[in-house]
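Biologist: I am new to this structure. Could you walk me through it, step by step?

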Amino acid sequence: MASTAAPGRGLLPVVPALSGLLPEGGLRRGAAVSVAGGDAGLLLALAAGARETDGGWAAAVGLPDLGLAAAAGYGLDLRRLLVADDPGPHWAEVVSVLAGAVELIMLRPDGPVPPNLAARLAAVLRRSGCVLLVAGPWPGAGLRLGVRSGRWFGLGDGHGQLAGRQVEVVAEGRGSAGRGRTARLWLPDAHGAARTVEETAGAGAVDVDVLGEGAVPGAGAGLDRMAVV
């Protein structure tokens, strides 16, 4: 279950493991955030705080490989998740419509985003207060986060089960976010959630072998999905 830090005025809450990375402890409403490399775990962890709001609705646009079981593990409420798997070239129109109905949108555009289009959508976000999490670069994003390094735990010589992924996440951006912040996280931990490495240290974790960086993750990648819309 995703518990969150108390949000400030005009902020969408995030899970505690991520709050220290963000200058204000949450996601600024009406803003676009870039997730470098489109890391699915980081995207889902950032989105999980939406369930703690009054509306609690979120949407996923252009993310057909998003694992809903993994989303639930990070803390998203699947009963309040709208999914538009393949909007094609009409993704911007879909985002504009959904921005007035949900707290947060996860998006993978179908190609490079022209600055003028990003500016038009920025105006939509400001009016609605919706947060846009973009899997990849976004012109004018005030905050950028990414996984700088990581490794999976749990597999030995062709046997075992993935027990979690330990990563270093970096956040940087404009203004108070300009100096950059880093954190070592389980993304996900053995229960499918986001936690700080310090939080789990000494908690009686089982010894595991390491699946090196660059290996193909299996947790949640091939799980059955359902389209809500």
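Modeller: Start with one term: a residue is buried when its relative accessible area is under 20%, and exposed when it is over 50%. Keep in mind that this is a predicted model.

Biologist: How far apart are the closest N and O atoms of Asp-39 and Arg-165?

Modeller: The two residues form a salt bridge. Asp-39 sits in the loop between strand E3 and H2, and Arg-165 in strand E9, so the pair ties together parts that are 126 residues apart in sequence. The closest N and O atoms are 2.9 Å apart.

Biologist: At the start of H2, which backbone nitrogen does a side-chain oxygen of Asp-39 reach?

Modeller: Asp-39 lies in the loop that leads from strand E3 to H2. Its side-chain oxygen comes to within 3.2 Å of a backbone nitrogen at the helix start. That nitrogen belongs to Gly-41.

Biologist: Why is helix H2 largely enclosed by the rest of the structure?

Modeller: Helix H2 covers residues 40–47. Among its buried residues are Leu-42, Leu-43 and Leu-44.

Biologist: How are the rings of Trp-91 and Trp-138 arranged?

Modeller: A search of the whole structure finds 1 aromatic pair. The ring centres of Trp-91 and Trp-138 are 6.2 Å apart, and planes over 60 degrees apart count as edge-to-face. Theirs stand at 70°, so the pair is edge-to-face.

Biologist: Where in the chain do Trp-91 and Trp-138 lie, and how many residues apart?

Modeller: Trp-91 is in helix H4, while Trp-138 is in the loop between strand E7 and strand E8. Trp-91 is buried at 4% relative accessible area, and Trp-138 is buried at 8%. The pair links distant parts of the chain, 47 residues apart.

Biologist: Asp-189 also meets Arg-195 in a salt bridge. Is Arg-195 buried or partly exposed?

Modeller: The N to O distance in this bridge is 2.8 Å. Asp-189 is buried, with a relative accessible area of 6%. Arg-195 has 30%, so it counts as partly exposed.

Biologist: How many charged residues are in the lining of the largest cavity?

Modeller: The largest cavity holds about 50 Å³ of space. Its lining includes Ala-47, Arg-51, Asp-77 and Arg-80. By class there are 6 nonpolar residues, 1 polar and, as charged residues, 3.

Definitions and conventions
Residues numbered from 1 in each chain as written. Predicted model: local features only at pLDDT ≥ 70, side-chain atom pairs only at ≥ 80, totals over all residues. Heavy atoms only, no water. Buried < 20%, exposed > 50% of the residue type's maximum accessible area, 1.4 Å probe, protein only. Helix = DSSP H or I, 4+ residues; strand = E, 2+ residues; numbered from the N terminus. Polar contact = N/O pair within 3.5 Å; in protein donor to acceptor, adjacent residues only side chain to side chain. Phe/Tyr/Trp six-rings, centres within 6.5 Å; stacked < 30°, edge-to-face > 60°. 1 Å grid on protein atoms, 1.4 Å probe; cavity = no way out; pocket = protein on both sides within 12 Å on 5 of 7 lines; lining within 4 Å. Points joined across faces, edges and corners; volume = space filled by probe spheres on them. Nonpolar A, V, L, I, M, F, W, Y, C, P; charged D, E, K, R; others polar. Salt bridge = Lys/Arg side-chain N within 4 Å of Asp/Glu carboxyl O.
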